[in-house]
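Here are my notes for anyone opening this model for the first time. Have the sequence and the 3D view ready, and take the points in order.

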Amino acid sequence: MPGGRAGSAFAVADARPAASNAMHAAERERQSAGVIGVAVAVVRSEAGHVLLAERTARQISAGFWEFPGGKIDPGESPQEAALRELAEEVGISGEQPRPWIVYEHQFPTKRVRLHVFTIGMWSGTPHGREGQRIAWVDPALPALGPVLASNRRLLAALALPAVVAFTPCGDARRAQAFSAALPAIFRAGTRAVVIRERHLPPDQRIAFARRVHEIAQLHGVRTFMGGSALEARRAGIASVHSDGRELWRLVQRPPAELWGVDCRDAADVERAQRLGADFATIGPVVADPTCAGLAAIGWDAFGELTRRIAIPVYAYGGIGTDALAPARRAGAIGVAVTDAARSPA
């Protein structure tokens with residue numbers, strides 16, 4: 001594709017000089033501690049597909065697919081490295097790079113820290129400058145492989161949908177109604193569901209989660225277990241969502257394919273990022289009786305928090321899918337709703 005625009009829903013953080021300088025200094029510290037800094041560029045087509053390249057026979061892990069990127073050179077910022085690698089590997093000039101997520105991956109012989117940037121605009125025609133194959137891939141259905149181990153988490157995060165459904169925690173009657181309505185909710189376009197149901201005894205909660213997960217799998221919908229990674233494993237669910245209390249009890253990222261965190265304030269946001277969360281749900285934005293009496297933070301405060309965080313964000317609390325537009329204007333990638341069956345498509 002000769003030039004294009006990345007999906008703005010993923011541009012959740014502005015690149016500020018002060019933040020960039022701090023990140024540059026932190027990266028120098030990391031490299032001195034034996035962690036290798038790597039910059040990664042995410043380029044999206046108008047159709048929402050992302051650009052991947054196959055590693056060549058001259059590289060370690062030849063034949064694996066990865067996002068354009070590479071090691072950060074001495075004296076180079078992660079942002080500069082991402083743009084350089086984009087030009088060197090696939091021959092396009094990137095513009096408007098925005099920091100998205102940062103995480104670490106342990107290979108058998110080294111540990112890398114990936115600084116991921118979304119590319120707002122680019123010029124040129126992508127092609128494998130080193131003779132490698134390239135491909136535009138749907139993150140939700142990547143019809144190629146294998147994907148480099150350090151890139152799998154990123155690919156999964158890019159597949160996060162615009163609408164996530166929360167089960168209506170604390171109300172057994174509404175939970176049963178929600179479960180019965182799931183096929184219709186999924187057919188209407190909801191592509192992920194977070195199971196809460198803290199009012200149920202542990203065994204009943206696991207059984208409920210298994211039922212929801214089975215229905216979700218039939219519709220190609222991702223399931224998140226609210227609670228611990230152990231409970232998620234018991235329910236056969238690979239991804240986890242933690243509330244604010246769990247966030248502050250954890251000392252490291254739980255062993256999950258994807259990990260989401262509920263945040264209320266700047267301290268929650270900072271901790272979620274430090275522990276390596278893949279996304280955050282922030283709210284309640286509007287007063288919501290399902291949110292245990294929590295006061296609404298409003299759209300202005302929500303927007304301030306999204307500007308502090310470099311991972312994908314969902315707005316939740318008292319809103320439906322009709323709030324997608326204001327949520328995205330405030331920096332979110334989507335909304336998390338509790339009444340998905342009644343929300344307009």
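**Notes on the model**

1. Let's begin with a loop: Ser 61 sits in the one between strand E3 (50–54) and strand E4 (65–66). (Helices, H or I with at least four residues, and strands, E with at least two, are DSSP runs numbered from the N terminus.) Ser 61 is not a glycine, yet its phi is positive, about 60°. Most residues other than glycine have a negative phi, and most peptide bonds are trans. Ser 61 is partly exposed, with a relative accessible area of 28%. (Buried means under 20% relative accessible area, exposed over 50%, and partly exposed in between, with a 1.4 Å probe and protein chains only.)

2. Before going further, a word on the ground rules. This is a predicted model, where local features need pLDDT of at least 70 and side-chain atom pairs count only at pLDDT 80 or more, while totals for chains, interfaces and linings use all residues. Residues are numbered from 1 along each chain as its sequence is written, and side-chain values use heavy atoms, leaving out hydrogens and water.

3. Gln 96 also has a positive phi without being a glycine, near 55°. Gln 96 lies in strand E6 (residues 93–106) and is partly exposed, at 42% relative accessible area. Look out for two cis peptide bonds as well: one joins Gly 145 and Pro 146, with omega about 0°, and one joins Gly 283 and Pro 284, again with omega about 0°. Pro 146 is in the loop between strand E8 (134–137) and helix H3 (149–158), and Pro 284 is in the loop between E14 and H9.

4. Now the overall picture: the protein has ten helices and 16 strands. Of its 345 residues, 52% count as buried. Eight strands close into a barrel in the order E9-E10-E11-E12-E13-E14-E15-E16, with parallel pairing. The twist averages 25° from one strand to the next. (Two strands pair if DSSP finds at least two bridges between them.)

5. Three bridges join strand E11 (residues 222–226) to E12, in parallel, and Phe 224 has Ser 239 as its bridge partner in E12. In a regular strand the side chains alternate between the two faces of the sheet. In E12 (residues 239–242), Ser 239 and His 241 point one way, Val 240 and Ser 242 the other, and all are buried.

6. Which residues of helix H9 (residues 298–308) are buried? They are Phe 302, Gly 303, Leu 305 and Thr 306. These cover an arc of only 165° around the axis, which puts them on the same side of H9. (The arc is that of the directions from the helix axis to the C-beta atoms.) On the other side, Asp 300 and Arg 308 are exposed. The cover over the buried residues of H9 includes helix H8 (266–275), strand E14 (279–282), strand E15 (313–316) and helix H10 (324–329).

7. Finally, the largest nonpolar core has 83 residues, and Phe 67, Val 116, Leu 154, Ile 282, Phe 302 and Val 335 have the most contacts inside it. (A nonpolar core is a set of buried Ala, Val, Leu, Ile, Met, Phe, Trp, Tyr and Cys residues joined through side-chain atoms within 4.5 Å; contact means heavy atoms within 4.5 Å.)

Conventions
Axes are lines fitted to C-alpha atoms, for helices over the stretch in contact, and angles run from 0 to 180 degrees between N-to-C directions.
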